[in-house]
Amino acid sequence: MKTIGITGGVGAGKSTVLNYMESHLEACVLEADKIGHLVMEPDGPCYDEIIGLFGKDVIKNDKTIDRKRVSDVVFSNGEMLARLNGIIHPAVKKYIRRRLEEERDHGRQLAVVEAALLLEDHYEEFCDEIWYVHTDADIRIQRLMTSRGYTREKAESIIRNQATEVFFRSHADYVVENNGDLSVTYEQIEEGIKRNETL
C-alpha cells in the first residue's frame, strides 16, 4: 500500500484533493483534524486527560467536551495549547497508524493522510511521499473570506502565522497546484499517482 501525506496552508483546498483521491482513486482518506475530534469523544483515549487539564467546566450536558470553550482557553494561552497538543497529537498519530495497518491488511492500494502540522509532527515517518497543495495567497484569502466569513485582515494573519512556501516546497516530494481550474488540479493528482507507479 502506498501512503501519501497531504499538506498545505489554510485555504489551499486540500479537501478538494482528498475528495478526488477518495472518489476516483479508491484511496482511504484519514484527516488528522477529524480524528482529533474522535479522540476527544467520551469513549476516546484523550477524554479524561483533557478534562483533567481544563476542568469539568468544559463538559457539555451531553457529556461531550465543549471544543469552543477549550479553543477559547488555548487561543490566548500558549502553555495550555502546548499541553493540549501533547495529549491529542500522539493519540491522533496512534489512531492513524492503526488504521493504516488495517487498510493494508484488507488489501487497500492507496491511503492518504492529511494534517495541518504534517511536517512539523513528522508524519513522514509513516508516509511514503509528501504532497504539497499550493494555492496563490490571494486565492486562499478570497476562499477564507467566502467560505468562513473571515475578514481580509484575519485571513492574512492566519496565513502569515503558518509555515512558509519555502518550507512546504523544501519538504515536499510533489506539488499539486490548486488555483481554481479543477481539471488542472485533477490532472496533476493523476500524474502524481502515475509518477508513483514508475518510481
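Helices (H or I, at least four residues) and strands (E, at least two) are DSSP runs, numbered from the N terminus. In the largest pocket, helix H5 gives the largest share of the lining, six residues. This is a predicted model, in which local features need pLDDT of at least 70, side-chain atom pairs count only at pLDDT 80 or more, and totals for chains, interfaces and linings use all residues. Residues are numbered from 1 along each chain as its sequence is written, and side-chain values use heavy atoms, with hydrogens and water left out.

**Largest pocket**

- A pocket is an open set of points on a 1 Å grid over the protein atoms alone, where a 1.4 Å probe fits, with protein on both sides within 12 Å along at least five of seven lines; lining residues have an atom within 4 Å of a point.
- The volume of the largest pocket is about 2100 Å³, counted as the space filled by probe spheres set on the points.
- Its lining has 50 residues, and Val10, Asp33, Ala116, Arg148 and Gln162 lie nearest the centre.
- By type, the lining of the largest pocket holds 22 nonpolar, 17 polar and 11 charged residues; Ala, Val, Leu, Ile, Met, Phe, Trp, Tyr, Cys and Pro count as nonpolar, Asp, Glu, Lys and Arg as charged, and the others, Gly among them, as polar.

**Second largest pocket**

- The second largest pocket contains about 170 Å³ of space.
- Residues lining the second largest pocket include Ser15, Glu22, Leu30, Lys34, Tyr95 and Arg99.
- H1 provides the largest share of this lining, four residues.
- The lining of the second largest pocket divides into six nonpolar, two polar and four charged residues.

**Nonpolar cores**

- A nonpolar core is a set of buried Ala, Val, Leu, Ile, Met, Phe, Trp, Tyr and Cys residues joined through side-chain atoms within 4.5 Å.
- The largest nonpolar core has 36 residues, and those touching the most other members are Ile50, Phe54, Ile65, Val92, Ile96, Val113 and Tyr123.
- H5 gives the largest share of this core, eight residues.
- A second, separate core has 17 residues, among them Val17, Tyr20, Trp131 and Val176.
- Beyond its neighbours within four places in sequence, the contacts of valine 113 (heavy atoms within 4.5 Å) include Ile4, Leu30, Ile96, Leu118 and Tyr123.

**Lysine 93**

- Lysine 93 is found in helix H5.
- Lysine 93 counts as buried because its relative accessibility is 15%, and buried means under 20% relative accessible area (1.4 Å probe, protein chains only).
- Apart from neighbours within four places in sequence, lysine 93 is in contact with Asp121, His122, Tyr123, Glu125 and Phe126.

Methods. Buried < 20%, exposed > 50% of the residue type's maximum accessible area, 1.4 Å probe, protein only.
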